Amino acid sequence: MGSDLELLVDGAIDASFSAEKAESLKKLVQSETGRDARNLAINDPARFEQVVRKICGSNAAVVLEEILERLFKYVLPGYDISVYAMRCEKRGQYARMVKGYRKMADAGDMLLQMQNRDHVACCFTSRVHHDLLVYSFVLRGLRYNQLNVLVVNSQEKRELELLLSGCGIDVAALVKSGRLVIMLHEELYGDDLGSSFEPVRKRLVKAQRLAKKTSGMNVIGTIAGNLAIRRQYERCAQIEKAWHELILEFSVPITLLCPYPASTVTKAAKAGIVHSHNRGLMCEARVHA
């Protein structure tokens, strides 16, 4: 992936200035640091930002923001990156976002490599982090010819449809062809979220017919994460335990991702979350097992 990212940086610099100025900037970075601008922008973003601000002055934000936009579009293709408000007016903003990008990209790669019957919890720290995790996991299901199942609430459904369609995935076509099933919390539980696991189990049994035409189920479940948001940790643990037991015994292989807002993963809750997932808790590409 390194050479691809360097080409993206090269293109961003070229897009930000005239051909002459772009080439001049690359040479100035080289003379200031002794390193290629493309490599420096990815592998030492703090030094790159420092040099670009010195050379470009008030115009530095233009090239820095262009690089960020291209980097994030590399992992979220076609998505409107402007919603993430990646601004670089202040010193240190570019370096922080590139470091965060690399951690998130690593996490996305780990999700793509999950095996059947793996069960992982991911804590996300921002909207772009959440979207990258979800997109990477759905992509895994499509690549491995699995039935994607979203167990989400109505608001999450709308947000996921927007995300996936922005990344070039036709959600309506997948539903129509039987490659995507959406199970809404409201339909499963009404106002009593997570009161038992039985409603989910029943719906998954019905979905087996579709899954048998594939290599398994690729499931994103947000019941536990939403219970954690409400600080209903006992119910959260019960739901996770039920998921874990189902994954081990279900006739069709299930691979499950459970997203959690990082703010809900307290020290007290972390041990229980890790215990219920055979792949542990993944935060910024680090796995706690």
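Helix H8 gives five residues to the lining of the largest pocket, which is the largest share of that lining. Helices here (H or I, at least four residues) and strands (E, at least two) are DSSP runs that are numbered from the N terminus. The structure is a predicted model, in which local features need pLDDT of at least 70 and side-chain atom pairs count only at pLDDT 80 or more, while totals for chains, interfaces and linings use all residues. Residues are numbered from 1 along each chain as its sequence is written, and side-chain values use heavy atoms, with hydrogens and water left out.

**The largest pocket**

- The largest pocket holds about 350 Å³ of space, where a pocket is an open set of points on a 1 Å grid over the protein atoms alone, at which a 1.4 Å probe fits, with protein on both sides within 12 Å along at least five of seven lines.
- Lining residues have an atom within 4 Å of a point, and of the 21 residues that line this pocket, Phe124, His130, Asp131, Glu156 and Glu159 are the closest to its centre.
- Two or more lining residues come from each of helix H7 (127-143), helix H8 (154-166), helix H12 (223-229) and strand E5 (254-261).
- Sorted by class, the lining has 11 nonpolar, six polar and four charged residues; Ala, Val, Leu, Ile, Met, Phe, Trp, Tyr, Cys and Pro count as nonpolar, Asp, Glu, Lys and Arg as charged, and the others, Gly among them, as polar.

**Aromatic pairs**

- Three aromatic pairs are found in a search of the whole structure, and rings of Phe, Tyr and Trp (its six-membered ring) pair if their centres lie within 6.5 Å, with planes under 30 degrees apart counted as stacked, over 60 as edge-to-face and the rest as tilted.
- The pair of phenylalanine 48 and tyrosine 94 is tilted, because the ring centres are 5.8 Å apart and the planes stand at 45°.
- This pair links distant parts of the chain, since phenylalanine 48 belongs to helix H4 (residues 45-56) and tyrosine 94 to helix H6 (residues 93-112), 46 residues apart.
- Phenylalanine 72 and tyrosine 101 form an edge-to-face pair, with 5.1 Å from centre to centre and 70° between the planes.
- Because phenylalanine 72 lies in helix H5 (residues 60-75) and tyrosine 101 in helix H6, their pair ties together parts that are 29 residues apart in sequence.
- Phenylalanine 48 and tyrosine 94 are both buried, as are phenylalanine 72 and tyrosine 101; buried means under 20% relative accessible area, exposed over 50%, and partly exposed in between (1.4 Å probe, protein chains only).

- Isoleucine 247, in helix H13 (residues 233-249), counts as buried because its relative accessibility is 1%.
- Not counting residues up to four places away in sequence, isoleucine 247 touches Arg117, His119, Ile254 and Leu256, where contact means heavy atoms within 4.5 Å.
- Arginine 117 lies in the loop between H6 and strand E1 (119-124), and has a phi near 70°, a positive value in a residue other than glycine.
- Asparagine 145, in the loop between H7 and strand E2 (147-152), also has a positive phi, near 55°.

**The whole protein**

- The protein has 14 helices and seven strands, and buried residues make up 51% of its 289 residues.
- Of the contacts with a separation of 6 or more, 75% are between residues 24 or more positions apart.

Methods: Points joined across faces, edges and corners; volume = space filled by probe spheres on them.
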